[in-house]
2 protein chains.
Amino acid sequence: MSIREEIIKQAEKSKIAAGQMANISTEKKNSALYKIAAGLLERSEEILEANKKDMEKAKNKNLSKAFLDRLSLDENRIKGIAEGLKEVAELADPIGDILEMNRRPNGLQIGKMRVPLGVIGIIYEARPNVTVDAAALCIKSGNSVILRGGSSAINSNKKLAEIISENIKKAGLPAKAVQLIQTTDRKAVKELLTLNEYLDLLIPRGGAELINRVVNESKIPVIQTGVGNCHIFVDESADLQMAAKITENAKTSRPAVCNAAESLLIHENIAEDFIPKIVKVLSKHQVEIRGDKTAVNIDDSIKDAEESDWDKEYLDYIISLKVVDDLEEAINHINKYGTRHSEAIVTENYTNSQRFLNEVDAAAVYVNASTRFTDGNMFGLGAEIGISTQKMHARGPMGLKELTSTKYVVYGQGQRRE
Amino acid sequence: MSIREEIIKQAEKSKIAAGQMANISTEKKNSALYKIAAGLLERSEEILEANKKDMEKAKNKNLSKAFLDRLSLDENRIKGIAEGLKEVAELADPIGDILEMNRRPNGLQIGKMRVPLGVIGIIYEARPNVTVDAAALCIKSGNSVILRGGSSAINSNKKLAEIISENIKKAGLPAKAVQLIQTTDRKAVKELLTLNEYLDLLIPRGGAELINRVVNESKIPVIQTGVGNCHIFVDESADLQMAAKITENAKTSRPAVCNAAESLLIHENIAEDFIPKIVKVLSKHQVEIRGDKTAVNIDDSIKDAEESDWDKEYLDYIISLKVVDDLEEAINHINKYGTRHSEAIVTENYTNSQRFLNEVDAAAVYVNASTRFTDGNMFGLGAEIGISTQKMHARGPMGLKELTSTKYVVYGQGQRRE
């Protein structure tokens, strides 16, 4: 069987499973999630053994320390994954909710029912926990899922997928509702991207390169997630102590995540006052600051920024800094260089706060708070499958509801149209 | 300038216009719509002259009568288009609505604000009224739009687009918020489909061939609209008189539209009783019936259906007919051959009505009513840009709200994340 045939066969099974999943009760879905959690804990030794193989291969390839950290599992991480499953089980099931049911003048009652999307493909990189987290969200939202993890995690993923399939079957769900692509051949992804007859949605999770490839080649609708070149704009009227604390938090509390701040914009009227303050705060965390000329003139510990710095998602202890003439320049800069993820203004000026909220084009816009809050748990949605930085279907953190569609249900008494 | 350069230049202008449109007041947008309506009426002679050129060319090409009908404009149709603009002006503006604002435990107030999508591309065929209808919906929803009409309507469309641009400018909107692609070269569409940097959404309006081409080639998110292979299932317990009237209405009230019924499924226990009744009703309208063997045995005026008939959207006075064993076979048939548009059951059985609503996978599912109701006006959404038969972003009739996205707005008091 060729890779294409193999992938199509899997996709066919996923489609059949999706039809069954759409009508599985919440109780059964939750039972499946609890069973998987128990299964992972019971068989943690097998998982760790499989993970050890992946780790050894990765070490031999001299992959980075950060990469190895993402790939590795231990008892605690497995416990964490099992906890995550229980959390998803405890979330409300969105399927079957009826939204906005109205009676029309002709007596028809028309409502929108929340239904699963169908078959979801997830393409991701080294983290094996994504295998379980993504499966859990897809199961709870009544979808079936095809998982394609990074080749470096193949042994871990196979073991995890095996445990998932066994346990969802025990709970009365179709075993094929969760399928892992077994080959690590890169052709498999190429083929998967063409299967718009079978898949309803693709979510790439990973770096910009992966996401761009999927967007460019896919015939299946894609939701872009993740890349965050997030800004903090400190307005003329800002409470400078608040601005410093928010910037410190947004930059240094977890620099490797997408909602961390990458760039600081400062109103020129407060630049001389604020820059020395923020340099002091950030230097405590060894943050490298790359600034424009005005900034460097104010504080010579700031390095010169290049044009390319305004585009960068450092994901590291580095921040770019630009002094702007006014709110308008700040908004224009953000709309030009931002990635439509999370953007914040620190201000005491009412009009400016409203203009920023209205005119900045991003998934989440903040007044007087750290950009670090953009995620499903912090927004009250529960676990999330990613943060959408595009405008179609879902924007911002994607929880269970964002993995659903709707259908109109219409109750009549024999109505015909004139 | 090459066609690619020309299209990119237009797209750049559309993107700038979209940024401006997002912050235009409802009053100005409505004023633009009223001004366009007045402009169309004032300059109807010019429009009719341009349309005459298109009609002459089309006649010389021996295009079908139905095609010529779709292409042609007259005073009444222009009045109708102008009325449509006023109706859109009278709809509530969705932009700026705040949905689900909540206060989180840490005091952050998080809400979802409705915002425009950005730049929308509409690719359509012969009907020049789409030029105005689509522009109106995009203007009201704060988007900018790039229109690509069929080459046969180019003179009509150019005149209409000219009147639109002049009048939106007069109302204080960016003139480039509505742009028509001026060339009729087919390469223009090919180029347009690659511009995912500029366009946020593409909506093809037309036949299956156009839609498939756009889905296959586009890098921009696409919403598929229109194709409707709609079924009526007459259950064992149906009120047969109601079933006959609903079928008559769904098939014959306007056979050329997507929500017309194309296929009739009949429970075997009532087939002998119902088939002669429905043959009588449909024969009044000269409807050709293509049935399976059981049906043909019951009434020999029914022609033999071929396997391919189950797939067909006739858009004509033809209907396919199949006798099924039970509800389950009906649901499976619909989920196999349907196009996920509109599907109806006629039944007095409560359990079956619920199973049909839950298990049939379509944009709109009906109990005891004609499928003909699936459109924006009948569903209470007002004018629509099409009926989405896919599950992402929007499903069913797409009104103004379906042309929007959301962004999270977050009001803080200095919150930082631990």
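How far apart do the C-alpha centres of domain 1 of chain A and domain 2 of chain A lie?

A: The C-alpha centres of domain 1 of chain A and domain 2 of chain A lie 35 Å apart. This is a predicted model, in which local features need pLDDT of at least 70 and side-chain atom pairs count only at pLDDT 80 or more, while totals for chains, interfaces and linings use all residues. Residues are numbered from 1 along each chain as its sequence is written, and chains are lettered from A and ligands numbered from 1 in the order in which they are written.

In chain A, domain 1 covers 3–225 + 394–411 and domain 2 covers 230–373, with bounds from an automatic or database domain assignment. Strand 16 of chain A, residues 404–415, pairs in the parallel sense with strand 13 of chain B over five bridges (pairing needs at least two DSSP bridges), and there A:Gln415 stands opposite B:Ala369.

The contact between the chains (C-beta atoms, placed from the backbone, within 7 Å) takes 55 residues from chain B and 55 residues from chain A. On the chain B side, helix 9 (208–217), helix 10 (240–252), helix 14 (350–359), strand 13 (364–369) and strand 16 (404–415) each supply at least two residues; these are DSSP runs numbered from the N terminus, helices being H or I of at least four residues and strands E of at least two. Strand 16 of chain B gives the largest share of that side, eleven residues.

Terms used:
Two residues are in contact if their C-beta atoms, placed from the backbone, lie within 7 Å.
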